[in-house]
Amino acid sequence: MFNVPDNLEITLGKHASKHLSADLATLISRIGQMTPNVKAEFPKRLKVARTTNKFGEVQKELDAWTNGFFVDALIKTGLVRAIYSEELDKPYIYNDSAPFVVTMDPLDGSSNISTNNVFGTIFGIYREDLPATGRKLVCAIYELYGPITTLVYTAGNGMGVHEFVKQREGEQQYLLLHENMKLPAKGEVFGIGADPMEWSNEFMGFAKGLFKKHRLKARYCGAFVGDFSQVLHRGGLFSYPCTKKSPNGKLRLYFEAAPMALIMEEAGGASSNGSISLLDVDLPDIDARVPLYMGNKYLIEELEAAIKKGQTYRQQ
Ligand code: AFP
């Protein structure tokens, strides 16, 4: 249940401008304003496109459309000098004098389109050029297109994590739903991707402990934004681990892991690639994948201790 606050009339723009510099607050507010157009398109664009992205993945019509829509809209803000997207072969370099560089996964969880399950968008905002570690993020945002549309953002540095809801009572703007979100002290749910037959013995042992020892319930929806939102609200753990076949996991450092790690850590949780915070992972390749573990600190510490011993794999 949402514990809806009295101060629901606080818009995303008002909230951001109270806490942040004018240029960053404007960019966040403009990103929020783009969303109604995106959601209105969804029912009209349900086909599979004939294109593949740079990772060789077949694009959905909505993947390609959403990417083009956000690129155009971000350029129009006049605040963005470069856009890196999971769906762009090369970065879109635009305006040298603009203050921000944006990374985005325009449609995270697009395999959920055909089943009408949740998906979303992830943005990372930097003032400096990439590559850079997640510590250099000045803002991270995700939008979740579920039964209601929500936007969660943080600017890090103790600013807190804040959740907004779209179109409440016909209101077009994002309105404050939760201020200063914190992970519950005790985790309740977990979701883990990749083929369990490919998990290492150490990771399998840790995962068994999630339901045996910690009594967490399994929740996995196939969209990182959706699973992340469950952990943010209910505590627990989300992981897309490394496996024998995919030693770097599946999710991408710049487009998915780093921005969500900023939100998770700012909400009092922890993130890890198995040994260090995802905010400290320093990889020059913008398209790099990274093993991903996020959730309550006590679970991430246990996970890191489990895999510190080394990762062994079953004989197939
Ligand atoms: P798609 O955008 O191709 O659906 O991938 C979504 C995703 O990157 C992430 O959102 C999910 O957590 C993860 O992949 C799900 O992967 P599996 O389908 O292998 O479980």
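Predicted model: local features only at pLDDT ≥ 70, side-chain atom pairs only at ≥ 80, totals over all residues.
Residues are numbered from 1 along each chain as its sequence is written, and side-chain values use heavy atoms, with hydrogens and water left out.

Let me start with the ligand. There are 13 residues around the ligand, and Asp 108, Tyr 220, Phe 224, Tyr 240 and Lys 250 come nearest, where a residue is near if one of its heavy atoms lies within 4 Å. The side chain of Asp 108 has an N or O atom 2.8 Å from a ligand oxygen atom, and for the side chain of Ser 111 such a distance is 2.8 Å; both are listed as polar contacts, meaning pairs of N or O atoms within 3.5 Å.

Which domains supply this shell? At least three residues come from each of domain 1 (6-178) and domain 2 (189-315), with bounds taken from an automatic or database domain assignment.

Now to the core, a set of buried Ala, Val, Leu, Ile, Met, Phe, Trp, Tyr and Cys residues joined through side-chain atoms within 4.5 Å, buried being under 20% relative accessible area with a 1.4 Å probe and protein chains only. The largest nonpolar core has 44 residues, and among those touching the most other members are Tyr 142, Phe 224 and Met 260. Domain 1 (6-178) and domain 2 (189-315) both contribute residues to this core, so it lies between them.

Note on methods: Polar contact = N/O pair within 3.5 Å; in protein donor to acceptor, adjacent residues only side chain to side chain. Buried < 20%, exposed > 50% of the residue type's maximum accessible area, 1.4 Å probe, protein only.
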